[in-house]
Amino acid sequence: MKVWKLVSGILSIVLSVFVVLQSGAAGMVNAMEGNGEVSGTAGILVAVMLLVGGIVSIASRKGGKGGNIAVLILYGLGTLVGFTMAGSYSDLRIWAGWCLICALLAVVALVKGKQ
């Protein structure tokens, strides 16, 4: 699980940059169209969860249960925000899917750590 935490942490940090750029564009389109969607803001929140989750994942790769719980909560929030607030920003569902994968693997790490 140490390798997974390192790889997923690095990928999450790199992906958060792309999510911020896409979210800014989506937010600008939402503002220009005046459609009342908040998918750009939701994308920024998902990017923050990806960034912080990646940092915590890297920092806690040798640690115990607390790091896995923190990673689970951060990626879980990213998943929830991404899937519920995506709107017309369809790429946000992809990033929320990545958060879901990381959250599920954090659950696996928690279960595996208990044994």
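Starting at the N terminus, the elements of the protein chain read α-α-α-α. That gives four helices and zero strands. Keep in mind that this is a predicted model.

**Overall shape**
- Along its principal axes, the C-alpha trace of the protein chain spans about 55 × 20 × 15 Å.
- The protein chain has a radius of gyration of 15 Å, which agrees with the value near 13 Å that a compact globule of 115 residues would have.

**Burial and contacts across the chain**
- Of the 115 residues in the protein chain, 39% count as buried.
- Take the contacts between residues at least 6 apart in sequence: 72% of them join residues at least 24 apart.

**How α2 and α3 pack**
- Helix α2 covers residues 39-59 and helix α3 covers residues 65-84; their axes come within 9 Å and cross at roughly 165°.
- Angles over 145 degrees count as roughly antiparallel, so α2 is roughly antiparallel to α3.
- The crossing of these two helices, α2 and α3, is left-handed.
- On the α2 side, the contact is made by A42, L45, V46, M49, L50, V52, G53, G54, V56 and S57.
- Facing them from α3 are G67, A70, V71, L74, Y75, L77, G78, V81 and G82.
- Sorted by class, the contact of α2 with α3 has 13 nonpolar residues, six polar ones and no charged ones.

Terms used
Residues numbered from 1 in each chain as written. Predicted model: local features only at pLDDT ≥ 70, side-chain atom pairs only at ≥ 80, totals over all residues. Heavy atoms only, no water. Axes fitted to C-alpha atoms, helices over the stretch in contact; angles between N-to-C directions. Parallel < 35°, antiparallel > 145°, perpendicular 65-115°, else oblique. Left-handed = near helix turned anticlockwise from the far one by under 90°. Contact = heavy atoms within 4.5 Å. Nonpolar A, V, L, I, M, F, W, Y, C, P; charged D, E, K, R; others polar. Rg over C-alpha atoms; globule rule 2.2 N^0.38 Å. Buried < 20%, exposed > 50% of the residue type's maximum accessible area, 1.4 Å probe, protein only.
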